[in-house]
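Here are some friendly notes to read alongside the model. Keep the viewer open and look up each residue as it comes up.

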Amino acid sequence: MNKPSLLRAAPWCLAGLTALLGACSTMSPMAPAYSQASLPEAVRVPTGNKVASETVGVGTIVYECRAKADMPGQFAWAFVGPTATLNDRSGKPVGRYAGPPATWTANDGSALTATQVAVAPNGAANLSHQLVKANPATGTGSSLYGVTYIQRVASQGGVAPMALCDASTLNARQTVNYQADYIFYKASM
């Protein structure tokens with residue numbers, strides 16, 4: 001190629017490179033791996049476990065107005081149980097969460113329950129952060145087999161209602177909306 005034709009091609013190459021760089025700048029970056037560094041120590045997963053999947057639970061929690069045990073004449077909203085759809089990060093439903101007992105069920109048929117290890121505050125209007133140790137999975141699928149821990153983080157809402165709870169509303173039920181991330185861990189190999 002002689003020099004005059006190279007000079008004529010340079011503006012076209014520069015325009016192509018500019019377009020390519022512009023297209024790349026509009027692409028969304030890869031999501032970073034989940035980090036628990038900002039969580040209180042009590043709800044961090046022990047070393048030796050790695051993130052297996054991340055889900056977003058979207059659902060409701062039912063509360064019931066009940067008399068306080070050993071406190072005559074006093075009442076409070078008591079947790080009855082949650083129901084939520086578990087979605088992957090793209091919004092696709094991958095399972096469900098319900099209780100009691102707290103049970104995570106994947107769309108492939110695997111399921112597990114867990115035992116609470118710790119909780120930590122997450123603001124007055126949100127459910128607390130929570131760490132649970134998974135019991136062995138059951139069911140026909142395989143996605144929840146090997147899960148060691150589950151964290152509930154980034155919760156929004158879900159706390160007991162502010163509605164009146166007294167003798168006149170005894171046994172009344174209230175449903176509140178909530179959302180939370182459920183991060184599933186498996187042992188590192």
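1. **Contacts along the chain.** Of the contacts in the protein chain with a separation of 6 or more, 61% are between residues 24 or more positions apart. Contact here means heavy atoms within 4.5 Å. Before you go on, note that this is a predicted model, in which local features need pLDDT of at least 70 and side-chain atom pairs count only at pLDDT 80 or more, while totals for chains, interfaces and linings use all residues. Residues are numbered from 1 along each chain as its sequence is written, and side-chain values use heavy atoms, with hydrogens and water left out.

2. **The overall layout.** The protein chain has one helix and nine strands, in the order α-β-β-β-β-β-β-β-β-β along the sequence. Helices (H or I, at least four residues) and strands (E, at least two) are DSSP runs, numbered from the N terminus. The chain has 189 residues, and 34% of them are buried. Buried means under 20% relative accessible area, exposed means over 50%, and partly exposed lies in between (1.4 Å probe, protein chains only).

3. **The disulfide.** Which two cysteines does the disulfide join? They are Cys65 and Cys165, with an S to S distance of 2.2 Å, and this is the one disulfide of the structure. The term covers a pair of cysteine sulfur atoms within 2.5 Å. Cys65 sits in strand S1 (residues 49–67) and Cys165 in the loop between strand S8 (147–157) and strand S9 (173–187), so the bond ties together parts that are 100 residues apart in sequence. The torsion about the S-S bond is about 95°, so the disulfide is right-handed. Are the two cysteines buried or exposed? Cys65 is buried, with a relative accessible area of 0%, and Cys165 is buried as well, at 15%.

4. **Ala67, also in S1.** Ala67 belongs to strand S1 and counts as partly exposed, at 48% relative accessibility. Ala67 and Ala167 are 100 residues apart in sequence, yet their C-alpha atoms are 7.9 Å apart in space. Leaving aside neighbours within four places in sequence, Ala67 is in contact with Gln74, Phe75 and Leu170.

5. **Strand S8 and its partners.** Nine of the eleven residues of S8 are buried, so this strand is largely enclosed by the rest of the structure. Two strands pair if DSSP finds at least two bridges between them. S8 runs antiparallel to strand S6 (residues 129–134), joined by four bridges; Leu131 has Gln151 in S8 as its bridge partner. S8 also runs antiparallel to S9, with eight bridges between them, and there Val147 is partnered by Lys186 in S9.

6. **Strand S5 and its partners.** Strand S5 (residues 110–120) pairs with S4 in the antiparallel sense over three bridges, where Thr103 has Thr113 in S5 as its partner. S4 and S5 form a hairpin with three residues between them, and Gly109 in the turn has a positive phi of about 100°. S5 is antiparallel to S6 too, joined by six bridges, with Gln116 partnered by Val132 in S6. Strand S7 (residues 138–139) pairs with S5 over two bridges, again antiparallel, and Ala111 stands opposite Thr138 in S7.

7. **The largest pocket.** What is the volume of the largest pocket? It is about 230 Å³. On a 1 Å grid over the protein atoms alone, a pocket is an open set of points where a 1.4 Å probe fits, with protein on both sides within 12 Å along at least five of seven lines; lining residues have an atom within 4 Å of a point. Grid points are joined across faces, edges and corners, and a volume is the space filled by probe spheres set on the points. This pocket is lined by 17 residues, of which Phe79, Pro82, Tyr97, Gln130 and Arg152 lie nearest its centre. S2 gives the most to the lining, with four residues. The lining has 13 nonpolar residues, three polar and one charged. Ala, Val, Leu, Ile, Met, Phe, Trp, Tyr, Cys and Pro count as nonpolar, Asp, Glu, Lys and Arg as charged, and the others, Gly among them, as polar.

8. **The second largest pocket.** This pocket has a volume of about 200 Å³. Of its 16 lining residues, Ser53, Thr55, Ala106, Ser143 and Leu144 lie nearest the centre. S1 gives the most to this lining, with four residues.
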